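Let's walk through this model together, one region at a time. Have the 3D view open beside the text as you read.

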Amino acid sequence: MAHPNEDLLRRGYEAFARGDLQTVGEVFADDIVWHVPGRGPLAGTYRGRDEVMGFFARLFDLSGGRFGLEVHDLLANDEHGVVLVVARGERAGKTLEAYDVHVWHLRDGRAVEYWGHPFDLYAVDEFWS
């Protein structure tokens, strides 16, 4: 039997893969904080569900909807989740295949904070720039 926070994160990633951003948003607390490292156009800290959903809209706009995540593994306990992913995308003649670690802080059945940790931050910045 999976931990409830594992189920929560899986539901969010599966919804993201389907483009179901309404369900993705339901995984997040109203006051979620979303940290994107780097110096590219998407880097920064987004506060609250509306800003995070705006981040997703910009991500899909910049990639022409050609961005996705493949979950390699997912671990979760009462307070944290770690998701190993491969991010893939295409835009402006560029391709991305980035190995990332997503770290989540979870509370009361919702995601309250996210930190993205790409293996090659320079490649990710170059792709989005």
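Setting aside its neighbours within four places in sequence, Thr23 is in contact with Arg11 and Ala15, where contact means heavy atoms within 4.5 Å. You will find Thr23 in helix α2; helices (H or I, at least four residues) and strands (E, at least two) are DSSP runs, numbered from the N terminus. With a relative accessible area of 15%, Thr23 is buried. Here buried means under 20% relative accessible area, exposed over 50% and partly exposed in between, with a 1.4 Å probe and protein chains only.

Before going further, a word on the ground rules. This is a predicted model, in which local features need pLDDT of at least 70 and side-chain atom pairs count only at pLDDT 80 or more, while totals for chains, interfaces and linings use all residues. Residues are numbered from 1 along each chain as its sequence is written, and side-chain values use heavy atoms, with hydrogens and water left out.

Helix α2 also holds Leu21. At 23% relative accessibility, Leu21 counts as partly exposed. Apart from neighbours within four places in sequence, Leu21 is in contact with Phe16, Met53, Phe56 and Phe60. The C-alpha atoms of Leu21 and Ala57 are 9.4 Å apart in space, although 36 residues separate the two in sequence.

A pair of aromatic rings is described by the distance of the centres and the angle of the planes. The rings of Phe, Tyr and Trp (its six-membered ring) pair if their centres lie within 6.5 Å; planes under 30 degrees apart count as stacked, over 60 as edge-to-face and the rest as tilted. A search of the whole structure finds 16 aromatic pairs. One of them joins Trp34 and Phe56 edge-to-face, at 5.3 Å centre to centre and with 80° between the planes. Trp34 lies in strand β1 (residues 28-36) and Phe56 in helix α3 (residues 49-63), so this pair ties together parts that are 22 residues apart in sequence. Trp34 and Phe56 are both buried. Phe127 and Trp128 form a pair with ring centres 4.8 Å apart and planes at 80°, so that pair is edge-to-face too. Phe127 and Trp128 are likewise buried.

Ser63 sits in helix α3 and is buried, with a relative accessible area of 3%.

In soluble globular proteins, nonpolar side chains tend to be buried together. The largest nonpolar core here has 31 residues, of which Phe28, Trp34, Phe55, Phe56 and Trp104 touch the most other members. Helix α1 gives the most to this core, with five residues. Such a core is a set of buried Ala, Val, Leu, Ile, Met, Phe, Trp, Tyr and Cys residues joined through side-chain atoms within 4.5 Å.

What volume does the largest cavity have? The answer is about 500 Å³, and the structure holds one cavity of 30 Å³ or more. On a 1 Å grid over the protein atoms alone, a cavity is a set of points where a 1.4 Å probe fits but cannot get out, and lining residues have an atom within 4 Å of a point. Of the 33 residues that line the largest cavity, Trp34, Phe55, Leu59, His102 and Tyr114 lie nearest its centre. Helix α1 supplies the largest share of this lining, five residues. By class, the lining has 25 nonpolar, six polar and two charged residues.

Strand β1 also contains Val36, which counts as buried at 18% relative accessibility. Beyond four places in sequence, Val36 is in contact with Leu42, Ala43, Gly44, Tyr46 and Phe55. Val36 and Pro118 are 82 residues apart in sequence and 9.6 Å apart in space, C-alpha to C-alpha.

Finally, look at two loops. Most residues other than glycine have a negative phi. Ala92, in the loop between β4 (80-91) and β5, has a positive phi near 50° and counts as exposed at 71% relative accessibility. Asp108, in the loop between β5 and β6, has a positive phi of about 55° and counts as exposed at 74% relative accessibility.

Definitions and conventions. On a 1 Å grid over the protein atoms alone, a cavity is a set of points where a 1.4 Å probe fits but cannot get out, and a pocket is an open set with protein on both sides within 12 Å along at least five of seven lines; lining residues have an atom within 4 Å of a point. Grid points are joined across faces, edges and corners, and a volume is the space filled by probe spheres set on the points. Ala, Val, Leu, Ile, Met, Phe, Trp, Tyr, Cys and Pro count as nonpolar, Asp, Glu, Lys and Arg as charged, and the others, Gly among them, as polar.
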